[in-house]
Amino acid sequence: MVILVPVLLLFGLGPIQVAMWYHAHQVAMAAAETAAETQRVVHPTPGDAQSSARRIADQGGLKNTTVRVTESLTTVTVTVAGRSTAFLDLPLSNVSATVSMPKERLS
């Protein structure tokens, strides 16, 4: 029983843990895409990209969310990182997503 119960728990709760990580990763990706879309306009409002990413991450259940926006003359790169809900505190609960998009420009 000492060996069998942990194995059964692993096979029972393992897929749920992986599904929770996958959901958190998809939330981070959606938050990063939204922030990049918000920041890539011709004259973006300061702070809108970060607030939109945090709003999506909070609604999706990410905790300890950080949003980093970097811009060059032609691209916008957004990285969203956070922690998913987890049964066990493993490194698997950390998620991050990075999205790069070209900036809009007037021709």
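Below is a working chat about a predicted model.

Colleague: Hi! Before we dig in, what kind of model is this?
Modeller: Hello! This one is a predicted model, so please read every contact below as a feature of that prediction.

Colleague: Fine by me. Let's go inside: which residues touch the most other members of the largest nonpolar core?
Modeller: Those are A28, A53, L62, V78 and V80, in a core of 19 residues.

Colleague: And which elements each supply at least two residues of this core?
Modeller: Helix α1, helix α2 (48-60), strand β2 (75-83) and strand β3 (94-102) do.

Colleague: Which of them gives the most?
Modeller: That would be α1, with seven residues.

Colleague: Which side chains meet at 3.7 Å, N to O?
Modeller: R40 and E37 meet in that salt bridge. R40 is buried, given its relative accessible area of 18%, while E37 is partly exposed at 40%.

Colleague: And which pair meets at 2.9 Å?
Modeller: That salt bridge joins the side chains of E71 and K103. It links distant parts of the chain, with E71 in strand β1 (residues 63-71) and K103 in the segment after β3, 32 residues apart.

Colleague: How accessible are E71 and K103?
Modeller: E71 has a relative accessible area of 41%, so it is partly exposed. K103 is partly exposed as well, at 25% relative accessibility.

Colleague: What side chain does E71 join in a polar contact of 2.8 Å?
Modeller: The side chain of Q39. Q39 lies in helix α1 and is buried, with a relative accessible area of 8%.

Colleague: What does Q39 touch, not counting residues up to four places away in sequence?
Modeller: E71 is on that list, along with P44, A49, V69 and V76.

Colleague: Staying on α1, where does T34 sit, and how accessible is it?
Modeller: T34 is within helix α1 (residues 4-39), and at 28% relative accessibility it counts as partly exposed.

Colleague: Which backbone oxygen lies 2.9 Å from a polar atom of the T34 side chain?
Modeller: The one of A30. Leaving out residues up to four places away in sequence, T34 touches S52 and I56.

Colleague: Now the surface. Which residues form the nonpolar patch there?
Modeller: M1, L4, V5, L8, L9, L13, I16, F87 and L88, with about 900 Å² of accessible area together.

Colleague: Where is F87 placed?
Modeller: In the loop between β2 and β3. F87 is partly exposed, with 46% relative accessibility.

Colleague: And Q17, what does that touch outside its sequence neighbourhood?
Modeller: Beyond four places in sequence, Q17 touches T85, A86, F87, L88 and L92. Q17 lies in helix α1 and is buried, with a relative accessible area of 9%. F87 and L88 from its contacts are also listed in the surface patch.

Colleague: Last one, on backbone angles: which residue has a positive phi although it is not a glycine?
Modeller: N64, with a phi of about 50°. You will find N64 in strand β1.

Colleague: Is N64 buried or exposed?
Modeller: Exposed, because its relative accessibility is 60% and the cut-off for exposed is over 50%.

Methods:
Residues numbered from 1 in each chain as written. Predicted model: local features only at pLDDT ≥ 70, side-chain atom pairs only at ≥ 80, totals over all residues. Heavy atoms only, no water. Helix = DSSP H or I, 4+ residues; strand = E, 2+ residues; numbered from the N terminus. Buried < 20%, exposed > 50% of the residue type's maximum accessible area, 1.4 Å probe, protein only. Contact = heavy atoms within 4.5 Å. Polar contact = N/O pair within 3.5 Å; in protein donor to acceptor, adjacent residues only side chain to side chain. Core = buried A, V, L, I, M, F, W, Y, C linked by side-chain atoms within 4.5 Å. Patch = residues over 30% accessible without salt bridge, like charges linked within 9 Å, V, L, I, M, F, W, Y side chains within 5 Å. Areas by Shrake-Rupley, 256 points an atom, 1.4 Å probe, with all protein chains shown as cover. Salt bridge = Lys/Arg side-chain N within 4 Å of Asp/Glu carboxyl O.
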